Amino acid sequence: MNKKALQTLEYNKIIGQLTTFASSPLGKKRCEELLPSDSLYEIQTMQTQTKDALSRLFQKGGISFGSAKDVRASLKRLEIGSTLGITELLTLCSLLENGNRVKAYGRHEREDDPSDSLDEFFQRIEPLTPLSSEIRRCILSEDEISDDASPTLHQIRRNMKVTNDRVHTQLASYLNGGARSYLQDAVITMRNGRYCIPVKAEYRNQIPGMIHDQSSTGATLFVEPMSIVKLNNDMRELESKEQAEIEVILAGLSEQAATHLEEISDNQEVLVELDFIFARARLAMEQNATEPIFNTEGRVNIRKGRHPLIDKKQVVPIDIRLGEDFDLLIVTGPNTGGKTVSLKTVGLLTLMGQAGLHIPALDRSSLALFKEVYADIGDEQSIEQSLSTFSSHMTNTVSFLEQADSDSLVLFDELGAGTDPTEGAALAIAILSFLHNQRIRTMATTHYSELKVYALSTDGVENACCEFDVETLRPTYRLLIGVPGKSNAFAISGKLGLPDYIIEDARKHISEENESFEDVIADLEANRITIENERQQIEQYRKELESLKASAKEKQDKVEERKDRIIREANEEARKILQDAKSYADQTIKSFHKLGKDTVTARELEQERERLRQKMNKVDKDLTPKNKPVKTVSLKPKDLKLGDMVQVHSLNLKGTVNSLPDSKGFLFVQMGIMRSKVHISDLELIDEAVITTPTMKRTSAGKIKMNKSASVGIEINLLGKTVDEAVAELDKYLDDAYLAHMPSVRIVHGKGTGALRKGVHNYLRRLKTVKSFRLGEFGEGDAGVTIVEFKK
């Protein structure tokens, strides 16, 4: 990619922004060296890496690569066997620790998370935790080695401490003893690395020792007493041993690091590359950019593209198409209308995309792969080279025509300007025609009406304009493809106060053809604005309709939800009522059955029925609506016959007429298991299929026998129960089955120890209703099942 285009389109400013997002020195350098590529594979790889890094930033937040400093010089020294210093070893340690953090950051949170293009980088990192831990253990800071770095160093420093204490003890005797009056100050100081005391010059002979220094006035001498000379010598010797041991420790650490040269070098390379990738992702996040789709057919389709160097709050997104229906786009319109910005947006986004950067545009924007981008934008006149504005532009144009091919993008700003308008327009048309014939993607801005006519009359060439609001004298910066622009010079001049008679006089100097063409453009613009306003109004109506539709759907959903809730609550209440009724009915049937074993009087039976009626009346009282009067239908005794279905209003139950009304209008109605005496005025005939209800028959001995038509299962499962529990449950089940006229049932008791089977068989032998029972055969459950057959 030619450097002139990079400079003209201000690509270097994008690189400057990118560099600020890199955190390591080598990462910043990598960003500064980034150039657009013409390899589709390389571009797509970098775009995928940027997209995956951006996804990780949204999911996990950022990660710093600041410790990824350049250690290549240190690795070179290790390679030749040199010993690294404390600072170099700490830098290596920081690199490894940072690699450990980055590797942890790169792990997927869940095993089923899809892999991405960055996994390979994270997997290549070798943290070398033992090495970094050993360096941290031995080296506390750039100025301090740990006492525990080696046993020898620990012993040396222990001896140094003992010697130092002895020196201070000896010197303290001078400070606190009889020699105090000989001293200038009661302090211990260091001179030339040896402990001294400040002695007054006139008492120099009172304290024998070596003089190492004196004050500037000569009044104070710094004397090392003879009693500590040997101790100071021992201290200096220990310091030398300490330094030698530190060199041994550093050599050992360097030797350990030298065994991992390849891993450390690879770690640095990976961390720098990841820093570079995540810098591109952070730039994309800052610009709210998306991944462009590249093609090799020369098609450009930028959706709501924004120039990345204009303030996000002020930039106006534009839609730009090129290379599909037309390969030459001519943009016209007034100055400061946004023509040049549109031109730069296409060029700069193309360079960014081919450099692996996301572009500030909507997703699914398309960019073409160009091997070269040529841009002639701005005034490049040069006094030193004696080049005028026209000459500088024409120099660029000549070089473009010589080098451009079908894989190039050419951008012209004010093509043919700076010379006679007629000749300039003719040259512009000829240049653009040549590029158009060569199928070179070209975009040019101009004020010449001749170029507008050329675009209208030539296939594969399209007009575009930057919208301008004449009323406010402000551009809207919207790019409108397919509409030729108008300079609006007369309208702008009039708004700015130029007298009308001057404007009218100027109109006389325009040819009828040009004036007619401008009028056509004005009419087109007016029609476009009208259509645009209508489209916006239709869009507003559509949004209002969608809002109303959503509101209606929300209300409907609430009604449906309320309906479902009411039905659900009603079903739950009904289930509870039915459960209570079933339990009570089961208990009643059991009571009737037990009463039926012995001869009972009608009075006792009626008392049991009355108790049941009271229970049902209480339930009916709780369920009957309080504020809805019951509609009554006057029935006559002749309207009823045995078996008719009726509704008993007072009980809110359905039943079957069991007897005809007596002289007072009372009759019996069978409602499920309950037979009740009601008045004919409390009944209403209903049109419903006849249902089978329990009936009661009195035997000659006065005993009661009941037939049960309710649904009873053909099998009972007693597994896991004790004999007492099983017999109690089996008793109720066999009563129900017998009342339901079932010929036989199946009792599942399992094999086990045989205790449950034996208890069941003993119970069955005592029942009068059981005709016979036997163990199940093959296919029926074998010895784990008993088949019971009832008497008819």
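Helices α14 (residues 421–437) and α15 (residues 449–457) pack with their axes 9 Å apart and an angle of about 30°. This is a predicted model, where local features need pLDDT of at least 70, side-chain atom pairs count only at pLDDT 80 or more, and totals for chains, interfaces and linings use all residues. Numbering starts from 1 along each chain as its sequence is written, and side-chain values use heavy atoms, leaving out hydrogens and water.

At that angle, α14 and α15 count as roughly parallel (angles under 35 degrees). On the α14 side, Ala 425, Ala 428, Ile 429, Leu 432, Ser 433 and His 436 make the contact, and they meet Glu 450, Leu 451 and Tyr 454 of α15 (contact means heavy atoms within 4.5 Å). Sorted by type, the residues of this contact are 6 nonpolar, 2 polar and 1 charged.

On to the cysteines: the whole structure has 0 disulfides (pairs of cysteine sulfur atoms within 2.5 Å). For Cys 465, the closest cysteine sulfur is in Cys 466, 7.0 Å away and too far for a bond.

| Residue | Relative accessibility | Class |
|---|---|---|
| Cys 196 | 0% | buried |
| Cys 465 | 2% | buried |
| Pro 208 | 52% | exposed |

Pro 208 sits in the loop between β4 (194–200) and β5 (209–214). Leaving aside residues up to four places away in sequence, Pro 208 touches Glu 224, Pro 225 and Met 226.

Conventions
Buried means under 20% relative accessible area, exposed over 50%, partly exposed in between (1.4 Å probe, protein chains only). Axes are lines fitted to C-alpha atoms, for helices over the stretch in contact, and angles run from 0 to 180 degrees between N-to-C directions. Helices (H or I, at least four residues) and strands (E, at least two) are DSSP runs, numbered from the N terminus. Angles under 35 degrees count as roughly parallel, over 145 as roughly antiparallel, 65 to 115 as roughly perpendicular and the rest as oblique. Ala, Val, Leu, Ile, Met, Phe, Trp, Tyr, Cys and Pro count as nonpolar, Asp, Glu, Lys and Arg as charged, and the others, Gly among them, as polar.
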